[in-house]
Amino acid sequence: MPNNKALTRRSALTLAAAAGFVTLLPLKATALTNKQAADLIDNVVADINKIINSGKSESSMYRDFEALFAKYGDVPIIARSSLGVAWRSASASQQQRYVAAFRGYMAQKYGKRFREFIGGKIVVTGARKVSSGYLVGSVAHLKGSAPFSVEWQVSDKSGQVKMFNLYIEGISLLATERTEITAMLDKRRGDLNKLIADLEKMG
Amino acid sequence: MQSGIQLLRAYVETPKLNPWVNRLVLLLNTRSVRFFGIASALALMALAACAPAPRVSETNDPFETQNRKMHEINKKIDKAVLKPLSGAYGTVAGGPMSQGVGNFSSNLSLPGMILNDILQLNLPDAFSNLARFSLNSTFGIAGIFDVATPNNLPEASTNFGETLHVWGVAEGSFIELPFYGASTGRDAVGLVVDFIIDPVNYVLPTPERYIGTASHLASKVGDRGRYSDLVESVLYESEDSYAQSRLLYLQSRRRALYGELSDDDLEDPYAE
């Protein structure tokens, strides 16, 4: 049982670290083979290592991560999903500001964790069709931790093939962020403008 | 091969050995042994025939109010005891020593895992855990060093909670246990049973057996230090640490038990 517990902690630690990856995968329709997806993730890891080892200030590294997040991920759908039911009652301008604030918050929150990826590698093991699109399986080998499973959810329903979720040992990034954001909203008594303002400060 | 069998037959058929073979056959034919043999074969068949518990993806937490109270107590224990202890332990024991204690502790939990593998009729895992235990107990100097993992024998982690799942027992409701933290009804029962059936308790004499328990505790303190960033972020930086740790526990536990994510587990935000 201690091992299970450790695994949970380790997975969650890396969930945080890998969450920044969420959307770093430029998958095209033809990319959903093991080889091509693996090559793409290798490129992503190389890009991230470049940022980490760039020697830039932390704040400019976060901006680089934010750019990667925006480029490869379906940020609007991730942001929408993280807000839960409150999304539907939000005005169009609130939705727009929320997505922008959420993007900065994610880059800031998970950008910090990228140091843990130095010297690590991710190996893609396969892709399969699921009702929500494709699920790409991979194994992450990071220094100082046992290999763990990372599964990526990919869809083209936005018009482009993009990443919209990942699972570290089964722990869903979307569910984790929905838990976090809805708790933040509850603490602000459902005041979405206050939440957006606070997220902007965090990002 | 052929000559080997002939040799064996010749050996068995030598008059000197015959009485022993006869006695053995006689023993196997006595009523009690036959009954025991049939009973255990039936029990194994029943185990093999029972299907694992059905998959669930919802959160079942009817005792949330009590669980949240326990969670706050656990956070206080973490802040007052575990956190400072792990800091001190990290300073005294350092990285390699804390790693050695962790290895020693997880090596001692292997006999219990092998027993659970057998109860689940999961023989491949039983054998690989047995090989791992043999290798680390000898070449790894009583388990202090993990030589098995680099040799392709990682721990196939299991416990009695998983055995219950394989036997068809449902997950039950979520429960926050004192000290231990997030669990489920099924896993809480598993914890107790694992403690009772742990073969280490029956093999080692009394004073030595406490080394195992002590190393498990020290290993937990070491983990608290090693994963301090994560524990801090879940317990003290997330907006609702109870909901967050519940989600982490249930999702990773289900993924481990079910072996893969199904459509029910997967998010589909485009469909909403």
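The legends below describe close-up views of a predicted model. Local features need pLDDT of at least 70 and side-chain atom pairs count only at pLDDT 80 or more, while totals for chains, interfaces and linings use all residues. Residues are numbered from 1 along each chain as its sequence is written, and chains are lettered from A and ligands numbered from 1 in the order in which they are written.

**View 1. Helix α7 of chain A against helix α12 of chain B.** Helices (H or I, at least four residues) and strands (E, at least two) are DSSP runs, numbered from the N terminus. On the α7(A) side, Ala175(A), Thr176(A), Thr179(A), Glu180(A) and Ala183(A) meet Ala243(B), Gln244(B), Leu247(B) and Gln251(B) of α12(B). Contact requires C-beta atoms, placed from the backbone, within 7 Å. By class, four nonpolar, four polar and one charged residues take part in the contact of α7(A) with α12(B) (Ala, Val, Leu, Ile, Met, Phe, Trp, Tyr, Cys and Pro count as nonpolar, Asp, Glu, Lys and Arg as charged, and the others, Gly among them, as polar).

**View 2. Helix α4 against helix α7 within chain A.** Helix α4 (residues 75-83) packs on α7(A) at about 50 degrees, the axes being 7 Å apart. The pair α4(A) and α7(A) is therefore oblique. Ile78(A), Ser81(A), Ser82(A) and Leu83(A) of α4(A) make the contact with Leu174(A), Glu177(A), Arg178(A) and Ile181(A) of α7(A). Four of the residues in the contact of α4(A) with α7(A) are nonpolar, two polar and two charged.

**View 3. The buried face of helix α8 in chain A.** In α8 (residues 192-202), the buried residues are Leu195(A), Ile196(A) and Leu199(A). A residue is buried if 20 or more other C-beta atoms lie within 10 Å of its own, exposed if 12 or fewer, and partly exposed in between, with C-beta atoms placed from the backbone. Down the axis of α8(A), the buried residues fall within an arc of 100 degrees, so they line one face of the helix; the arc is that of the directions from the helix axis to the C-beta atoms. The buried residues of α8(A) pack against α6 (92-111) and α7 of chain A.

**View 4. Elements of chain B.** Chain B has 12 helices and two strands. Of its 272 residues, 31% count as buried.

How values were computed
Two residues are in contact if their C-beta atoms, placed from the backbone, lie within 7 Å. Axes are lines fitted to C-alpha atoms, for helices over the stretch in contact, and angles run from 0 to 180 degrees between N-to-C directions. Angles under 35 degrees count as roughly parallel, over 145 as roughly antiparallel, 65 to 115 as roughly perpendicular and the rest as oblique.
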